[in-house]
Amino acid sequence: MINEQDKNEAPLTIDHSRFTYPDSPFTPHDSRFTFDFIIVGQGICGTFLSWNLWKQGKRVLVIDEPQPFSASKVASGVINPVTGRQVVTTWMADILMSYTWGAYKAIGQDIGVDVIRQANIIAFPPSQQMRDAYDKRINEENSYIKPVPADKMALYAEVCYPFFGAAEIDPVWLVDLFPLLNGWRKKLRQEGGLMEDRFEAEHLSVHESHAAYKNLRADKIIFCNGINTFQLPYFKNLPFVFNKGEALIVDIPGMPKGNICKLGNSTIVPWYDGLWWVGSSYENSFDDSLPTAPFKQKKTQELEMNLKVPFTVVDHLASLRPAVAVERRPFVGLHPHMPSVGILNGMGTKGCSLAPYFAEQFCMNLIHQHPIDPLADVARFRRSLRQ
Ligand SMILES: Cc1cc2nc3c(=O)[nH]c(=O)nc-3n(C[C@H](O)[C@H](O)[C@H](O)COP(=O)(O)OP(=O)(O)OC[C@H]3O[C@@H](n4cnc5c(N)ncnc54)[C@H](O)[C@@H]3O)c2cc1C
């Protein structure tokens, strides 16, 4: 939540020495070690921010420790313009549906892989109440909801029970996250812009005009390292939360290809090798980031109840989503009291749609001082960030 006093307050001066690590063996003025930007983390946020800055001709170094179960590697990659039991249109949906299509096509061209496609959701509501919500939206203009064509319905009726009919969400985009993350990583490596290593805060020193990390120097360092950003002294006072999400990877022979399917409370998304991603959960309270037996049992039972065909669970994934408490708007921009430190984070359940858009906005802010949407600008927390 925005602190009331944050709204109009002028930036405050800060004691930078509190965030300085004097042992940094920094080598000034050597171009091999000098960058415009260091970006920590190459999930969906770090990928789009580094790509935007690279397109603007900036010298960028991405420091990323490969972690197999980061949020971007466990996500299904769906960009869905509606949400919730009332099937309402999401925040900025019209802008984001248009923007993301172009952005993923463009980054795909630079890495030589098409990473976005249309995969409308065929939604089978779990109750009459939800069925009514879909019907109400079908009759509204620009609601993204329409009836399912009879031939498609017939295909699905062979594999699942349409207890309360179905509706189609149109359009829905599906992002291939693995080729995207791997493709951009390869490009960064070729350009000498990747350091595959764990970022360790004790080697960073932050100054008014630049940041120094080990023997590297950059005008700015931007944190895109998901949940780990909030361990840093600079951002630990932001109102962040972690949401745990799990998914099963399932073989469902006969499942119609090409669409995403919402079956009861499960979303069934095309995965790799002809398999299906079945999720998800949204837990605010948990012991660790590992897959849990209760989730597996619950989703398996749901599939047994809704599917007519046999299926096999072949894998089980879990991760923590970095999210923003209460207002659910991301953290974007430079630290209001430390101009050489920035953040792109807090995407919650919407990283695939929000990250590309806000990465470009942040890039334009860094280079041309264009404004960042005040609802997303991290400066809205300037008072909390002073502490
Ligand atoms: C089960 C599940 C399903 C989801 N489905 C969707 C979906 O369909 N659509 C959607 O839009 N969103 C979805 N999300 C949300 C989405 O995954 C997140 O919003 C998004 O991935 C967050 O991206 P990020 O770049 O901020 O963080 P991350 O993906 O966590 O990336 C952080 C990167 O930083 C690296 N890193 C971390 N610490 C360090 C360090 N100290 N040093 C170096 N590197 C470090 C990590 O290895 C990683 O590469 C889902 C999330 C989950 C958990």
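This is a predicted model: local features need pLDDT of at least 70, side-chain atom pairs count only at pLDDT 80 or more; totals for chains, interfaces and linings use all residues.
Student: Let us start with Gln-42. Where does Gln-42 lie?

Tutor: Look at the elements on either side. Gln-42 sits in the loop between β1 (34–40) and α1 (44–55).

Student: Is Gln-42 buried or exposed?

Tutor: Check the relative accessibility against the cut-off. Buried means under 20%. Gln-42 has 5%, so Gln-42 counts as buried.

Student: Which side chain makes a polar contact with the side chain of Gln-42?

Tutor: Look for paired polar atoms. The side chain of Arg-185 makes that contact, at 2.7 Å. A backbone atom also comes in: the oxygen of Leu-181 lies 3.0 Å from a polar atom of the Gln-42 side chain.

Student: Which residues is Gln-42 in contact with, leaving aside neighbours within four places in sequence?

Tutor: The list is Thr-47, Val-62, Asp-64, Leu-181, Trp-184, Arg-185 and Leu-188.

Student: Now a contrast. How is Lys-55 placed, and is Lys-55 buried, partly exposed or exposed?

Tutor: Read the element, then the area. Lys-55 is in helix α1. Its relative accessible area is 43%.

Student: How many residues apart in sequence are Lys-55 and Ile-268, and what is their distance in space?

Tutor: Keep the two kinds of separation apart. In sequence, Lys-55 and Ile-268 are 213 residues apart. In space they are 35 Å apart, C-alpha to C-alpha.

Student: On to helices. At what angle do α3 and α6 cross?

Tutor: Compare the two axes. Those of α3 (residues 93–111) and α6 (residues 177–190) come within 9 Å and cross at roughly 50°. That angle makes α3 oblique to α6. The crossing is left-handed.

Student: Which residues of α3 and α6 meet?

Tutor: Take each side in turn. From α3 come Tyr-104, Ile-107, Asp-110 and Ile-111. From α6 come Pro-179, Leu-180, Gly-183, Trp-184 and Lys-187. By class, this contact has six nonpolar, one polar and two charged residues.

Methods. Residues are numbered from 1 along each chain as its sequence is written. Side-chain values use heavy atoms; hydrogens and water are left out. Helices (H or I, at least four residues) and strands (E, at least two) are DSSP runs, numbered from the N terminus. Buried means under 20% relative accessible area, exposed over 50%, partly exposed in between (1.4 Å probe, protein chains only). A polar contact is a pair of N or O atoms within 3.5 Å; within protein, one must be able to donate a hydrogen and the other to accept it, and residues adjacent in sequence count only if both atoms are side-chain atoms. Contact means heavy atoms within 4.5 Å. Axes are lines fitted to C-alpha atoms, for helices over the stretch in contact, and angles run from 0 to 180 degrees between N-to-C directions. Angles under 35 degrees count as roughly parallel, over 145 as roughly antiparallel, 65 to 115 as roughly perpendicular and the rest as oblique. A crossing is left-handed if the near helix is turned anticlockwise from the far one by less than a right angle, and right-handed if clockwise. Ala, Val, Leu, Ile, Met, Phe, Trp, Tyr, Cys and Pro count as nonpolar, Asp, Glu, Lys and Arg as charged, and the others, Gly among them, as polar.
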